[in-house]
Amino acid sequence: MQLGSEVVDLLSGLPAWQGFLVLVGSGVALALVIRVLGDQLLKRVTPHIEGDIDDIVFRGIHTAVYVTVGLGGAYAGAQIYDIRPAVAVSLEAGTLSLVVIVWMVTLLRIGRQASAIATDSAYIDRQMVPILQNVWSALISGGGVLLLLILWDIDVTPLLASAGIMGIIVGLAARDTLANFFGSLSLYLDGTYAVGDFVVLETGERGRVEDISVRSTVIRTRDDILVTVPNSKLNNAAIVNESTPRRKRRIRVPVGVAYGTDIDRVEEILLELAEAEDLVQDRPNPRVRFREFGDSALNFELLCWVSNPALTARATHELNSAIYKRFRAEAIEIPFPQRSISIATDEIPGELFDQAPPTGADDETVTGE
C-alpha cells in the first residue's frame, strides 16, 4: 500500500501530459512483458494437457489479456489526472469499450474454434455442437452490446421494453422454429436417439438417422429415401429405437405345419437352420416356441438374434427360404387355409337355370376350395 501511494504521489507531481504518457507507456510495456512470458508459459503448459480445447482457450484469452493491460494505462491516467470532464468521460468510456469489444470478439472466436474441434470429438454429440455454439454466440453478443450501451450512458430500459414486445411478436411468428429448437434440446437431453441409430416412427417409417439439426431430423428409409421430420413432432411422438440399449435385434420367423406332424422334428429342423445361417448370432441361442393350435396348422415361431437392425429383413428372408426348401425335402406339409361350401339344389328355383330339378336328385352337394 505504501509503495502504491508513493507511485501515485510521484505521478501526481508530474505535469498531466507527462504522467499520462508514463502510464500509457507503462501499460504497453507491461502488456509486452505479459505477451512474451505468456507465450513461453503456454508452450510449456499446454503440451501436458490432453486435447486441443485448452490450447484454444489459453491462446485466445492471452491476446485479450495483454491488450486489456495495455489499455489499462490510458484508463488509469484518466482516473489520476485532472482532465477536462468531456475528454475524461469519452476517454474512460472509449477505453472500456475497446476492452469490451476485444473480449467479445475473443470469446466469439474461441467459441467457433472450440465448436470445430468438438464436432470431431468422440465425447460430445455432434448434433449438439451447433446448438451450443448458437447459444454461446447469442449470450456473448447480447452481453457485449448491453455493456457498451451502459458505458456510454444510454438508457437501456426502453430498449429492454421494446425487446420484450419484439420478443413476443417474434415468438408468435416463429413458434414452430422455437418448438423445433426446444424439441432438439429435449431429444438430446433424453437421449432418444443419435446419428446412426435405426428408429421406427409413429407413422410407420423405419430407417437410419442420418442427421440431427436444430430444426429437424433426417432419416434414410430402407428404400433409400431421405425423410425430414421436424423435431417438435418427434418430441411428442412415440419412437422405437432399435439400436439401444444394444444393437443386437431379435427376429421372429413364424411358420405353421400340418396337424399330425412330428413337432420334435420340426423344432430340430428350425434350430439346425438357424445355426447354419451366418447372419444369426450364436449368443443368445436361437430357440423355437410352439405358439398355438391354429385353425389349419400347428403354429411355431423361430426366435433368433442378428448383430444389427439393418439385417433383420435379410435374415428373415434367408431363414424363410431355407425353411421352405427343407420342409419340402422332409415332406413336411405347410398347410394353407381351406374352406368348403355346400349348396342344396332343391332350395334353388329351377327357373334360374331354365330347367326343373331332376327327379330323384333332391339334394346335390358342390364342394369347392
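Helices (H or I, at least four residues) and strands (E, at least two) are taken here as DSSP runs, numbered from the N terminus. On this basis the protein chain has ten helices and eight strands. The model is a predicted one, in which local features need pLDDT of at least 70 and side-chain atom pairs count only at pLDDT 80 or more, whereas totals for chains, interfaces and linings use all residues. Residues are numbered from 1 along each chain as its sequence is written, and side-chain values use heavy atoms, with hydrogens and water left out.

## The chain as a whole

A residue is called buried under 20% relative accessible area, exposed over 50%, and partly exposed in between (1.4 Å probe, protein chains only). The protein chain has 369 residues, of which 28% count as buried. Its accessible surface comes to about 23,600 Å², and carbon and sulfur atoms hold 59% of that area. Such areas come from the Shrake-Rupley method with a 1.4 Å probe, and for residues only the protein chains shown count as cover.

Contact means heavy atoms within 4.5 Å. Among contacts in the protein chain with a separation of 6 or more, 65% are between residues 24 or more positions apart.

## The nonpolar cores

In soluble globular proteins, nonpolar side chains tend to be buried together. A nonpolar core is defined as a set of buried Ala, Val, Leu, Ile, Met, Phe, Trp, Tyr and Cys residues joined through side-chain atoms within 4.5 Å. The largest such core has 22 residues, and those that touch the most other members are Leu-270, Phe-300, Leu-302, Ile-323 and Phe-327. At least two residues of this core come from each of β6 (249–257), α9 (263–276), β8 (298–306) and α10 (312–329). Apart from residues up to four places away in sequence, Leu-270 touches Val-255, Val-288, Phe-300, Leu-302, Ile-323 and Phe-327. A second, separate core has ten residues, including Val-199, Ile-212, Leu-234 and Ile-239.

The expected span of a helix is 1.5 Å times one less than its number of residues. The table sets out the two helices.

| Helix | Residues in helix | Span, first to last C-alpha | Expected span |
|---|---|---|---|
| α9 | 14 residues | 20 Å | 20 Å |
| α10 | 18 residues | 26 Å | 26 Å |

An α-helix has 3.6 residues a turn, so residues three or four places apart point the same way. In α9 the buried residues are Val-266, Ile-269, Leu-270, Leu-273 and Ala-274. These cover an arc of only 130° around the axis, which puts them on the same side of α9; the arc is that of the directions from the helix axis to the C-beta atoms. Asp-264, Glu-275 and Ala-276 are exposed on the other side of α9. The partners against which the buried residues of α9 pack are β6, β7 (287–293), β8 and α10.

A polar contact is a pair of N or O atoms within 3.5 Å; within protein, one must be able to donate a hydrogen and the other to accept it, and residues adjacent in sequence count only if both atoms are side-chain atoms. At the start of α9, the backbone nitrogen of Asp-264 has a side-chain oxygen of Asp-262 within 3.2 Å.

In α10, Thr-312, Ala-315, Leu-319, Ile-323 and Phe-327 are buried. They lie on the same side of α10, because they cover an arc of only 85° around the axis. Arg-314, Lys-325, Arg-328 and Ala-329 are exposed on the face of α10 turned away from its buried side. The cover over the buried residues of α10 includes β2 (206–212), β6, α9 and β8. Just after α10, Ala-331 has a positive phi of about 60°.

## Individual residues

Thr-217 belongs to strand β3 (residues 216–221). This residue counts as buried, because its relative accessibility is 0%. The side chain of Thr-217 makes a polar contact of 2.8 Å with that of Tyr-193, and another of 2.8 Å with that of Asn-231. Beyond four places in sequence, the residues that Thr-217 touches include Val-209, Asp-211, Ile-212 and Leu-234.

Ala-238 sits in the loop between α8 (231–235) and β5 (240–241). With 47% relative accessibility, Ala-238 counts as partly exposed. Ala-238 and Glu-202 are 36 residues apart in sequence, yet 5.6 Å apart in space from C-alpha to C-alpha. Neighbours within four places aside, Ala-238 is in contact with Val-200, Leu-201 and Glu-202.

Ser-97 is part of helix α4 (residues 85–119). Ser-97 has a relative accessible area of 6% and is therefore buried. Not counting residues up to four places away in sequence, Ser-97 touches Leu-148, Leu-151 and Trp-152.
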